[in-house]
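Dear colleague,

I am passing on the structure below, as promised, together with some notes on what I found in it. Please read the notes with the structure open beside you.

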Amino acid sequence: MKAGIYLGKEHIEIRELPLPEVGKDDVLIQNLYSSVCGTDVAVFSHGPNTGHKVTVGGEFGHETISRVVKVGKNVTDFTVGERIYPYPRYAKDDTKRAGTIGGFSEYILIPNARRNYSLYTVDERISDKLASLIEPFTVGCRAARRGMIPWGEGKYVSGQNAVVFGSGTIGIAAAVAFKYFGMKKVMVCDFSDFRLNLAKKLGFDPAVMASPFITTIVDALSLLIYFRFATALLGL
Ligand SMILES: NC(=O)c1ccc[n+]([C@@H]2O[C@H](COP(=O)([O-])OP(=O)(O)OC[C@H]3O[C@@H](n4cnc5c(N)ncnc54)[C@H](O)[C@@H]3O)[C@@H](O)[C@H]2O)c1
Ligand SMILES: [Zn+2]
């Protein structure tokens, strides 16, 4: 199989690797579409030890949508042809491999595959390209959930407002999750007009960070008017 191999700063090669052997409890998946994570960019641009635990000479990539192509003889949970999302933390049965499951390779072996643990079904209405964003959306969604004030298990105080710093994939994912969880207002801040315009198109309130935040009393007042009781912003 072809595999994207990380070889150091600004050095990646597509190499031929043997197709993994499928053990009796394993599932072999073929990648359909993978997106590039900011951590992949970091390790590519700056060298080893700057992103996930990507090793020189090893496979990498972790934001992927795949299809089951082979199942071990004990596997009854999955069928060949099924489209699935491999959850990077458990895909390799090793959380240290979360950034190196082989999203940039043709195939990934999932040892001891388990449904809703290492592999998740993806609704066919979601395109492959969109589904490759599931992983970064889980990150943004988790950040949003942790940023909200819960009112008991799984319940969030209604009418809260949120501000997200950074209008990249993760920031947008967090903003979408905030809306989904019932936030009243969601503001997205960035330096980039291009990114803020995209955020605006998605229905969020953009804020340009061209000058340091809250530099004047006018800034502070306009934030107060916008957010009213956003305690974190008021420093309470
Ligand atoms: N925990 C995880 O698993 C995980 C996974 C992926 C990314 N991340 C982290 O999440 C962050 C965002 O990732 P991304 O892929 O969306 O990155 P990104 O580079 O695509 O987007 C970041 C955005 O933040 C903006 N920005 C930078 N400094 C800012 C500031 N002071 N105020 C407002 N905006 C600012 C940039 O202009 C950029 O548009 C990164 O720190 C990344 O390392 C964490
Ligand atoms: Zn990622």
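What follows goes from the chain as a whole to one of its sheets and then to the ligand.

Please keep in mind throughout that this is a predicted model. The protein chain has eight helices and 11 strands, and of its 236 residues 33% count as buried. Among the contacts in the protein chain with a separation of 6 or more, 66% are accounted for by residues 24 or more positions apart.

The sheet I looked at is an open one of three strands, in the order β9-β10-β11, with parallel pairing. Because β9 (161–165) and β11 (205–208) stand at the edges and have a single partner strand each, one side of each is left without a neighbour in the sheet. On average, and with direction ignored, neighbouring strands of this sheet are turned by 25 degrees against each other. The parallel pairing of β10 and β11 extends over four bridges, and M187 stands opposite D205 in β11. Helix α5 lies across β9 and β10, and runs at about 170 degrees to β10.

As for ligand 1, 17 residues surround it, the closest being G38, F165, G166, G168 and I170. Two or more residues of this shell come from each of α1 (38–46), α5 (169–180) and β10 (185–190), and α5 gives the most, with three residues. Sorted by class, the shell around ligand 1 holds seven nonpolar, eight polar and two charged residues.

With best regards

Conventions
Residues are numbered from 1 along each chain as its sequence is written. Chains are lettered from A and ligands numbered from 1 in the order in which they are written. This is a predicted model: local features need pLDDT of at least 70, side-chain atom pairs count only at pLDDT 80 or more; totals for chains, interfaces and linings use all residues. A residue is near a molecule or strand if its C-beta atom, placed from the backbone, lies within 6 Å of it. Ala, Val, Leu, Ile, Met, Phe, Trp, Tyr, Cys and Pro count as nonpolar, Asp, Glu, Lys and Arg as charged, and the others, Gly among them, as polar. A residue is buried if 20 or more other C-beta atoms lie within 10 Å of its own, exposed if 12 or fewer, and partly exposed in between; C-beta atoms are placed from the backbone. Two residues are in contact if their C-beta atoms, placed from the backbone, lie within 7 Å. Two strands pair if DSSP finds at least two bridges between them. Axes are lines fitted to C-alpha atoms, for helices over the stretch in contact, and angles run from 0 to 180 degrees between N-to-C directions.
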